[in-house]
Each structure stands twice: as structure tokens, then as C-alpha cells.
Amino acid sequence: MLPIQPARFLEDLHNLRGFGAAGLGKGVVRPAYSEADIAARGWLAARITEAGLRVHVDPVGSVFGLAEGPSLLLGSHSDSQPEGGWLDGALGVIAALEIARAAREAGGPAVSVVSFQDEEGRFGVTTGSAVWSGSLTLKAADLLVDRDGVSFGAARASMPGRSEMFVDPSQFSGFLEMHIEQGPVLDRESEAIGVVDAIVGIRDMKITFEGEQNHAGTTPMQGRRDAFQAVSRFNTLLADRFANVVTPRTVWTIGHISLHPNASSIVPGRATFSMQWRDGDADRLGRMEQIIRDTAQEVASSGGFELRFGPMLGLEPVKMDTRLRGALETAAEAEVPGRWRVMPSGALHDATNLSGLMPVAMLFVPSIGGISHAFGEDTAEADLVTGLSVLAGAVAALG
């Protein structure tokens, strides 16, 4: 077993939470390229240097801590949702740092660390690892804009210490990512560890209905071209039309909507909203896309709206590598016999992108109450340490 130091690991995890700490409990506001995110990455770079690894900040701001020669890569991301918790992503980064330190103190194996930029999708979908993996070009990424109209290219220019070169992925033998479950299963079943067998696929795009802006008091209800009412009708129709296509694990979400001119006494003339859907089957994702497009077109045609679709972003479902997953399963059984399970990930992770470059596997620890992407996100410290121990056992075996 590697000589991990749980107290050091937890101290670093709490210190990272201090960058962007917000709300009650352990909330964090640390979106990609925010002042808190940039400061956190500077702190992380210093800790990586202290651990004896070479810091490399790539062109998009992903922070690597590189061991000498070939190595196993561990990590996740340290940016957060606009209102997030202290563990989402951060746990995997700090666990990776502690494993890398312990491995160096033990004389091996070689372990490198990464915190990818913009995993949470301020601009796209797992943007930093998508660019590094080649599934998204840097030129295309630079044109992505957030909901305030800021471009990815402009945002990444604010990140200090960036190199013009990307890290060569061929030096890594595989990627392990430790994460909170972000769901209720492990907590509900009083289990300590989840070993991921597959990560769902995702599709994400913006849809716009353009109607007619008008006076809210003098425009009769009949004949209005109210863009918000178009979104409402679209949402209602969608649930009915998905009924014979989706499974209980399929999810879809309209999570953000922008009305123009967004005033209480004006019939909104334009509505732009996010449409996201996730499933473990690529064919089903494709069928859902066709239903979405057909339904939006029907609503637009019947109500006299102009319809526009934004770029389609997404990732395919991914199965975990058998060898890496097996090492995690063996370590889980040794650490918490009978208190772990194999399970899918309904959330998206950087490991999806990296699967095109190298073998990948993932490890989950419980989320109290299944809460994530919220200030109430938390995990018992004993469970965090158990996850670290399982990860250390797997790395030692793979080394």
C-alpha cells in the first residue's frame, strides 16, 4: 500500500474549498476562469511543485503535474458550477495529488496529476479535456460563448502562465478519476464505493423561438406570438413523444432560458433555451434528437415562429477499461469487503474524452442525500478517506 496521509489529503481539500467559498455549509462558486478559479489553480500549481512534480499549464489553462517518464495519470477538474459544492471535481484532483506524493515517497510507481479546465461547461461540454483529446479543436473552442456572451478565447487569455504547447498524452499508461457519485444510490444503500462500468452519453444544444414582441396589456391572447409560450408547448409535447423511446435512466433537461426583452409588461419576442439529454445508448440519443427537432419545428410552424438550432455538442457513451476497472474492484473488496458495487455514471466526466487517448476507469464515493451541483453537496470525511485508500490500492497494483 502507498503511504498516503489522510490528514494531509483532507487539509488540502478544505484549503481548496477556500477559493470561492460561498453560501451555507461547504458551497463553492468557482466557475472556469473566474478570479477564484485562477487563484485556485495557482495554489494547486504551488502544491504540485512542492510534491516534486513538474507543473505544466496548457493553452486552455488545464494544470498538469508531471512525473518523469511514463506514468499513470490521475485527476479531474477544479472549476465549479455557478453554485456548486466543495467536492465535485476537486475531490479527484486532491486525491490525485495525495497519491502522487505518496508514490514519490515510496519510490514509485510514477503518477502524474491533472485538473482540467471548464469541465462544468461554462462554454461547452468538458471543454478543457475535449480540446486536449482532440474531439474539439482549439479554434472551434475559442468561438464558444457563455450565457453572458463572453468567448472561450477571451476567457482563456486571462489565465496566467499558459504554455503554447499541449502535454503529449502518449506518456500516460491510463487515467483514473475519483469522484463523488452525485446521486443517491451509495448513500441510500450504505455502501462505501462505486466502481463505474460505463459513463452515459450526452447531447446539448440551444434552441431559439423567434415570435413577436408586443405590449403585455393591449395584445389579445388570441394571435399572440409569445416566444415563452412556444417553449412551454414544446416542453409539454416532448414528454409525451419521448414516452415510447426513453428508459427510466434516460434524462432530459431545459436548464437555462433567456427571454427577450425580459420585461414584465412585454410579450417576449424571443426565447433561447438549453436542451440537454443523456442516455447510455448512442442510438437512443440520436432518436431523441430527431424527436426534439421535429417537435420544435411543429411548434414553430403551427404558431408562426422562426426556429433556430445552435451547434450540437456532446459525447458518446463510454465503457471503462477492464484492467483498470479490475484493479479498482480488487482494491474495493480488500478495503470494504461486500460494501461496494459496480454502477453506471449518469453524470459526465473528463474520463469520457480521455477514453479516446488511453484506458480509463472511475471510482465513486457516496454523496449524502444524493445532492450535487448545489451548496448542500457533501460526503462524510471517512468515506472520502476510504475512496482515497481504494484508489491508492489500485494504483499500487497497477504500478
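Predicted model: local features only at pLDDT ≥ 70, side-chain atom pairs only at ≥ 80, totals over all residues.
Residues are numbered from 1 along each chain as its sequence is written, and side-chain values use heavy atoms, with hydrogens and water left out.

Back to Asp321, which sits in the loop between strand E15 (318–319) and helix H10 (322–335); helices (H or I, at least four residues) and strands (E, at least two) are DSSP runs, numbered from the N terminus. The side chain of Asp321 reaches the backbone nitrogen of Arg323 at 3.1 Å. Leaving aside neighbours within four places in sequence, Asp321 is in contact, meaning heavy atoms within 4.5 Å, with Pro359 and Val360. Val360 is 39 residues from Asp321 in sequence, yet the two are 5.5 Å apart in space, C-alpha to C-alpha.

Now the chain as a whole. The secondary structure comes to 12 helices and 17 strands. The radius of gyration is 22 Å, close to the 21 Å that the globule rule gives for 399 residues, so the chain is as compact as a globular protein of that length; the radius is taken over C-alpha atoms, and the rule is 2.2 Å times the number of residues to the power 0.38. Along the principal axes, the C-alpha atoms fill a box of roughly 75 × 45 × 40 Å. Of the 399 residues, 53% count as buried, and among contacts with a separation of 6 or more, 78% come from residues 24 or more positions apart.

Next, the charged side chains. The structure holds 22 salt bridges, a salt bridge being a side-chain nitrogen of Lys or Arg within 4 Å of a carboxyl oxygen of Asp or Glu. One of them is between Asp12 and Arg47, whose closest N and O atoms are 3.0 Å apart. This pair links distant parts of the chain, with Asp12 in helix H1 (residues 6–17) and Arg47 in helix H2 (residues 35–50), 35 residues apart, and both Asp12 and Arg47 are buried. Arg47 also meets Glu50 in a salt bridge of 2.4 Å, N to O; Glu50 and Arg47 both lie in helix H2, three residues apart, about one turn of the helix. Glu50, however, is exposed, with a relative accessible area of 57%. These residues belong to a network of salt bridges that links Arg8, Asp12, Arg47, Glu50, Glu98, Arg101 and Glu105.

Elsewhere, the side chains of Arg203 and Glu316 meet in a salt bridge of 2.7 Å, N to O. Arg203 lies in strand E7 (residues 201–210) and Glu316 in the loop between strand E14 (313–315) and E15, so the pair ties together parts that are 113 residues apart in sequence. Arg203 counts as buried at 10% relative accessibility, whereas Glu316 is partly exposed at 41%.

What, then, of a buried residue that has no salt bridge, namely Glu177? Glu177 is found in strand E5 (residues 172–180), and the nearest side chain of opposite charge, Arg41, is 11 Å away, where Lys and Arg count as positive and Asp and Glu as negative, with His and the chain ends not counted. A polar contact of 2.7 Å does join the side chains of Glu177 and Ser76; a polar contact is a pair of N or O atoms within 3.5 Å, and within protein one must be able to donate a hydrogen and the other to accept it, with residues adjacent in sequence counting only if both atoms are side-chain atoms. Not counting residues up to four places away in sequence, Glu177 touches several others, including His349, Asp350 and Ala351.

Finally, some points about the backbone. A cis peptide bond, with omega about 0°, joins Gly108 and Pro109, and Pro109 is found in the loop between helix H3 (90–105) and strand E4 (111–116). The peptide bond from His260 to Pro261 is also cis, with omega near 5°. Thr126 has a positive phi, near 45°, in a residue other than glycine, and is buried, with a relative accessible area of 1%.

Terms used: Buried < 20%, exposed > 50% of the residue type's maximum accessible area, 1.4 Å probe, protein only.
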